[in-house]
Amino acid sequence: MAADSTPSPRSGHSITCCNGKAYVFGGCGVSDDGSKQEIFSETWCCDMTGETPKWDILDVMGDVPPARWRHT
């Protein structure tokens, strides 16, 4: 996991909350350089159990789904 980072702004992502953590997958937003629309395949975790929420990008293994947005 990479510390001290946050997911880029996005829409159409899915989010699941469990045991004080929120897991975010996919979505659509703007590329880092702002030049084009991008569909994401990354998975983020927000740990809300401490005083300050902490975001980490997860290094997932196995059959990782392709990039997608507006999914359920």
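**A close look at Arg-10**

A: The side chain of Arg-10 reaches the backbone oxygen of Ser-8 at 3.1 Å, a polar contact in the sense of a pair of N or O atoms within 3.5 Å, where within protein one must be able to donate a hydrogen and the other to accept it, and where residues adjacent in sequence count only if both atoms are side-chain atoms. The model is predicted, so local features need pLDDT of at least 70 and side-chain atom pairs count only at pLDDT 80 or more, while totals for chains, interfaces and linings use all residues. Residues are numbered from 1 along each chain as its sequence is written, and side-chain values use heavy atoms, with hydrogens and water left out.

Arg-10 sits in the segment before E1; strands, labelled E, are DSSP runs of at least two residues, and helices, labelled H or I, are runs of at least four, numbered from the N terminus. Its side chain also reaches the backbone oxygen of Gly-26, at 3.0 Å. With a relative accessible area of 16%, Arg-10 counts as buried, where buried means under 20%, exposed over 50% and partly exposed in between, using a 1.4 Å probe and protein chains only. Leaving aside residues up to four places away in sequence, Arg-10 touches Val-24, Gly-26, Cys-28, Gly-29, Phe-40, Glu-42 and Trp-44, contact being defined as heavy atoms within 4.5 Å.

One of these neighbours, Glu-42, meets the side chain of Arg-10 in a salt bridge, at 2.5 Å from N to O. The pair links distant parts of the chain, since Arg-10 is in the segment before E1 and Glu-42 is in the loop between E4 and strand E5 (43-47), 32 residues apart. The term salt bridge requires a side-chain nitrogen of Lys or Arg within 4 Å of a carboxyl oxygen of Asp or Glu. Glu-42 is partly exposed, at 23% relative accessibility. The count of salt bridges under this rule is two, and the pair of Lys-54 and Asp-56 also forms one, with the closest N and O atoms 3.6 Å apart. In that pair Lys-54 is partly exposed at 43%, whereas Asp-56 is buried at 8%.

The model has zero disulfides, a disulfide being a pair of cysteine sulfur atoms within 2.5 Å. Cys-45 is likewise buried, at 7%, but its sulfur lies 7.1 Å from the closest cysteine sulfur, in Cys-46, which is too far for a bond.

Ser-8, the residue whose backbone oxygen Arg-10 reaches, has its C-alpha atom 8.7 Å from that of Ser-31, 23 residues away along the chain. Ser-31 lies in the loop between strand E3 (28-30) and strand E4 (37-39) and is buried at 8% relative accessibility. Its side chain makes a polar contact of 2.7 Å with the side chain of Asp-33 and reaches the backbone nitrogen of Ser-35 at 3.3 Å. Ser-31 also touches Lys-36 and Glu-38, again not counting residues up to four places away in sequence.
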